[in-house]
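Subject: Structure handover

Hello,

Here is the structure for you to take over. Please have a look at it first; some notes on what was found in it follow below.

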Amino acid sequence: MTGGNFSLPHGNSPPPLAGEGQGGGSAGTAGYYDYPVVRRPVWTWEVPAYFWLGGLGAGAFVTASLAQTFGSADDRRIAADGFYVAAAALLPCAPLLIGDLGRPERFHHMLRIFKPLSPMNLGAWTLTGFTPLAFARAGLHAADTGLLRGPLRALVGLVPRRLTELTGCLLGLTLAGYSGVLLGATNVPLWAKSRLLGGVFMASALSSGSAAVTLQAARRGAPEATLHRLATVESAASLGEMAILTGYLVQSGKAARPLTTGRFAPPFWLGAVFAGGLLPLLLHGFARRGHSRTVRSLSTAAAMCSMIGSLALRWSIFEAGKDSSEDQSASFDLSKAGENLGGCGSSI
Amino acid sequence: MGSNMAENHPVGYRWPMKAREKGATIIHVDPRFTRTSATANLYVPIRSGSDIAFLGGLINYVLTHDQWFKEYVLAYTNASTIVSGDYVDAEDNGGLFSGYDPQSGSYDNASWSYAGPPHGPARDETLQHPRCVFQILKRHYARYTPEMVERVCGSPKELFLQVAEVLTKNSGRERTSAICYAVGWTQQSYGAQIIRAAGILQLLLGNIGRPGGGIMALRGHASIQGSTDVPTLFDLLPGYLPHPAVIRGDDTLEQYMRESLVRGGYWSNLPKFVVSLLRAWYGDEARKENEYGYQWIPKLTGDHSHVSTSAAMADGKVKGFVVFGQNPANGSPHAGLQRKALTQLDWMVALDLYETETAAFWYAAPEGWKPADIKTEVFLVPTAGPGEKEGTFTNTQRLLQYHDKAVDPPGDARSDLWFLYHLGRRLKELYLESANPHDQGLRNLTWDYLPERPDPEYRIQDEPSAEKVLMEVNGYTVADHERIPGFERLKDDGSTACGVWIYSGVFPAPGQNLARRRNRTPGNYVDPEWGFAWPGNRRILYNRASADPAGKPWSERKKYVWWDAGAGSWTGLDVPDFPLGKAPDTPAKGQGTGMDLHSGSDPFTLKADGRGWLFAPSGLKDGPLPTHYEPLESPLSNDLYPRQDSPVAKRFRRTDNPISPPGDPQYPYIVTTYRVTEQYTSGSMSRWNSWLSELMPEMFAEISPELAAEKGIENLDWVVVSTPRNQIECKALVTRRVRPFRHNGNLIHEVGLPYHWGYKGLVTGAMANDLVALSEEPNVYIQEDKALTCNLRKGRLR
Amino acid sequence: MAQPVSRESIEKEPRTRRADKAVASVCPYCAVGCSQLVYVRDKRIIDIEGNPASPINEGTLCPKGASTFQYVVNPNRVTTVRYRAPYSDHWEDRPLEWAMDRIATLIKETRDATFVERTAEGKLVNQTTAIATLGGATMDIEENYLIKKLFSGGLGVVSIENQARI
Amino acid sequence: MIDGYKRLMNLEEPPPPKKAKGFFTDTSLCIGCKACEVACKQWNQLPADGFAITGNSYDNTGHLGATTWRHVQFIEQAKANGSRQEQRWLMMSDVCKHCANAACLEACPTGALVRTEFDTVYVQQDICNGCGFCVPACPFGVIDRVPKESTFEVGTAHKCTLCYDRLKDDMTPACAKSCPTASIQFGDVEELQQRARQRLGELKARGESTARLYGMPEGKEAAEVGPLHAFFLLLDKPEAYNLPEVPRLPRKTMAERYGWSAAVGIGFAMVAALVFRGGRQ
């Protein structure tokens, strides 16, 4: 019977139409026409805004807490304002997060189960835990400075200071660090190809958080030494950020193109890299050699750059990630056999 | 061939696919590489309109390679029959057969007849007589060589030979091959002849009347077979009785019966069928004295087919038009002329579930007419959909299947049965007092279809009973209104009534609606208890041929119906399509009528001589043997004969129906129309459906990359496709599934157009039928739209 | 506890479970004749799918067959008689009974005005060519039968045609 | 209080597990009719996604999405030469893969995405709050959230449910039931896998050298996401069907990602501590 032996033409030469100008064919791509392999993320501006604010708040809290433990009296007094910054930054976080939901009225389902395997669930629990701590610690600070009186002050007095700072630091660092992991825990090439995005966002959170503390310190007329120390801390974070960002870009390779060469290249290079990293380092460097008057304004400027740069970083990586999701060949690269296999996976 | 089964009958295609997995070979011969081609084992490209050349080539191959099924052909076909000495073959006459009258453009087929009487003609069993059918056939197709096939059809010779080998290897005692076709064949100016060519091939290979063989018409609509059987066709009365016509001289019932009667074979019973029909229609007023009311049936005075009627309508000769679930403004040939025709009417009634292009022609047609200029009074009557009424569909296998009612139709929507019954009731009331003789037919029409007790479950209580109609279709004895069990019981003395004789037996007793049977029969793949196949629940026609002349199955593998000598009866998986007790060795009686003139080994019971016709001595208006002509519009001249196109196809020579001459440089490309899986005909059943519309949302023209490159067209560019009738715009779908054909070194391009879109519905678009010409195949009056010529340019209409 | 689920998930059920009846029907599209089951609840169609009992389709359907539900249950369906008077530029909704009377009257008027009893040669033909009908291929054979019987045998209309001619 | 929480959060004990169910989609039997797409939309009463021609062969759907849970691909392959005898038109009905290790399910913070008693992956519509995390998590681009302007179940994530409701009554999922050529086969996953191996053997014996299975336990594509409970027989390499060679499960690299993040955090804390401590001297 010939039917049984008839074989379909050999198809091992696909895509045979590539470059042949075939209409309706999958010209030029290895995949199915130019359709993306993964779906475009549906998130909107609330998400990078939340990442930025949450990271900033967490960074400020951590900076302030570290200063409480390790710093001088001036440092402690001045840096404690960081708790205000943290509380203020965290205030819009929950609404932003809820606003991005498809069904905001079901926000409480975020806490329906405890599932640290899901970075989003971990983040929700962390935010839930961290926010009251940040407010409690800010309240304590308010009580310390006499802003808070009466029964409220008595109530706040019950808050264990050290324990709050310690757990706050742990939760804060989690909050600062999980967002990059969350984006990385997807199949969007720009976010997932390199494993360093969590570190990038952590560094950015800490640099922007410490910058916020520096900013407040400069505003409050902190002593120059404290200001310098804060600037040093911030610069360390910025340096770390630049270093790990470099690693991230190198690891991402072609997958980073939507970020480095696409429509988000200007905000990324000018905003995130230059304004957010190089410029503050430069300004702080000048400040270290300058007079006390200029120190303050230079520090202020550097801190603001750092904060804005942090926002630019989140926003550009977030938005470029959406474009990256439509990059078919980057998706195929991400899934090439031989790469990533057997990573340090199974430990979770 | 002539069918894109995977796309247009996907569930039917389930079975070829199953066969393919069991080792069968699916061959698809088609101008385009379709979803059928993609899933076939072998795809062979063919230029649109050249099917007879291809099939003729296969016939020639079978004959010259001695691959015909000798015992079968000798015993069951008219191969040995000797044809009249007056016969001149097209081969010897420039492509014309003897009897052609160029004046009237028609044939007198007298010279095509057998030498001797039609039921007992002269034969030469050695097949050597130069005028025996076998020799005529050989000579007729001798020039249809593989080289000629390649030249005419554009089908590569190697592929053609592969088809020939597969077909012949898979035919014979142990194996059978089936040929499936659809409107890809019928919508050509020689459509019936293409099917005939397949018939000749299958007879030569012994593939008729046997399981796994045959020629399968893949029909397009749920009950289009039923509407052909019943029929709603102008030239037939129910059950393929010819419609009385002046030209035939059917002045009286007696003349009609004499004219229609075939002495040999089952058609000799025709008087029983006619008289029973008249009894069913006119009841007790159908009496012997008044020719059973024969004169109340109108006589045809010409061609009243849809295409001809449309032309007459466009000329203002038709005043009223009732359209049941059809959409001529979009779905009929030369749709622009169809729409113009609608403007000439006094009134039109359109019945449908949705507002069709036809219902909306007066305000929405692309011509942009002002409603204030159109006189037509229009009714759009809402009708019931599936599940909203009960009744019977006849599917493409002649299987009658009853469908039950689930719910009432919404609002004022009613079944067409309701509309017809209540319209008839009103008309009978309007004519109640009339004494005019020509109104008596209507007055006497039996019209009792309301159920004794309407179903209290439903809101609509005046719904007529479909089963009551089916009962009349089945037939009954007049005296006691007892249903008859089958058409064998019909009488020509007025004692029986039967609406559609071929359906008789479908409803043999109250509560025994066999169309409503839904039982599987384990162990019998024929499933004889699912529905009811006419005639008499036979699933394969002429199945006597599945056994050899002695009544034994040709092979154990292919056993189907055989002679059980012990029981003295035919038996098998199916109802034998043969007199049950007629032994294989029964000789034909030299005299008498009907089945007596056939022997026990003449399986083709409806034929006068009981044989399968390789050569058709009668019954066709365009020749006894299929002959290759070019389509009415073709870029090429006929490579085989001086005669270019069908000598008897009807062209409507009107100023609004110009047809391109052969090789017209203004219209250099072939254009063919078709359907895709995701839409349905003119779209009125699919373009209101979002799930289907999203799958095929826009009109497109499929063109090859070669043509696209020639014209600078990119995929999805707008193009304008034009014929002398009209022009349309749509998007180009550039695909290698369409290919140009090479002819004498020239590239012949084809353009493919689906015809699903129109100006009403969720999705709209240009209508391919705007481009089609009015024309008619001479036997069945179907237009040619599978092969026309067109031009194509990049751009938009305006 | 193992991964918890919602109440709705536990109570999930196919909507056909609570159907009042499942009625055997035949697909209205092509001529293959696939059997369908029409599920009804509260006098409304809730689902149409292939009938597994059928030897033709064994429960399967093509996309058109599978979309039959939307063919029937569809807000775009016409559910009243729409009437367009001569030269009018709009549809009007009309009562069904009125339309039926009007159509019957029009048929009678046209028939009476155009009826030909005998040809010029005196042949009895009892016909009118001024009325035509078209359709039937997606309709029941009972309906086709009544078209032929009423329009041909009753009224003398000769141009009775349907999709089979196309 | 625990009961109150369970009520508020709609937490119930899951039903006991049953045999794993899935699809074997054999593209060598697909005729591209799209019955599966429509049957799915019909049963699940999904809306159309819009009416625009893509020009990509006969595929006007493009990809799976929130309201398209079956999608038929059309891949035209032909040589440029005029005879075009080496021409193929591959068709493939794509669907949610119901991965053994489902990235969407692991990403889901609410527990809306669950593994059902049939070992399928299912979005509970009364739980999902539309966080959108599952959307980019899926390596196959299957699941999606309904845009807020839609008319259908706005704001939650959707994908093939493997007709969870029908499974409860032992009914075949709508797509598999409708498929006229048994290209989509439904059944117990293990049995389907056996069938698939046998089928591949048959095709190879016929000379179908390009046939391969995708989503079997032994395939490299199962390295991270595990065997696919909706798996395929393909006639070309996976990329031709837009399928990743090795679909990635984010969990596999998560520890490393957290590690880098933590390292930066700890590094910062240490540097900051040193700097502040330096100020105390």
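To begin inside chain B, B:Val671 faces B:Val751, a residue of strand β26(B). This is a predicted model, in which local features need pLDDT of at least 70, side-chain atom pairs count only at pLDDT 80 or more, and totals for chains, interfaces and linings use all residues. Residues are numbered from 1 along each chain as its sequence is written, while chains are lettered from A and ligands numbered from 1 in the order in which they are written.

Strands here are DSSP runs (E, at least two residues), as helices are (H or I, at least four), numbered from the N terminus; two strands pair if DSSP finds at least two bridges between them. Strand β26 (residues 750-754) of chain B is mostly covered, with five of its five residues buried (20 or more other C-beta atoms within 10 Å of the residue's own, C-beta atoms being placed from the backbone). On one side of β26(B) are B:Glu750, B:Gly752 and B:Pro754, on the other B:Val751 and B:Leu753, and all are buried.

Next, the interface of chains B and C. Here 125 residues of chain B are in contact with 103 residues of chain C, contact meaning that the C-beta atoms, placed from the backbone, lie within 7 Å. Helix α18 (residues 416-430) of chain B supplies the largest share of chain B's side, 10 residues. That side divides into 64 nonpolar, 42 polar and 19 charged residues (nonpolar: Ala, Val, Leu, Ile, Met, Phe, Trp, Tyr, Cys and Pro; charged: Asp, Glu, Lys and Arg; polar: the others, Gly among them).

A strand pair also links these two chains: β9 (residues 320-324) of chain B and β7 (residues 124-135) of chain C run parallel over five bridges. In this pair, B:Val322 stands opposite C:Thr133.

Chain C is assigned domain 1 (18-72), domain 2 (79-109) and domain 3 (115-166); the bounds come from an automatic or database domain assignment. The C-alpha centres of domains 1 and 3 of chain C are 33 Å apart.

Lastly, chain D has an open sheet of four strands in the order β8-β1-β10-β9, with mixed pairing. Its edges are β8 (184-188) and β9 (212-214), each with a single partner strand, so one side of each has no neighbour in the sheet. β9(D) pairs with strand β10 (residues 230-234) of chain D in the antiparallel sense over three bridges, where D:Leu213 stands opposite D:Leu233.

Regards

Technical notes: Contact = placed C-beta atoms within 7 Å. Buried ≥ 20, exposed ≤ 12 C-beta atoms within 10 Å, placed from the backbone.
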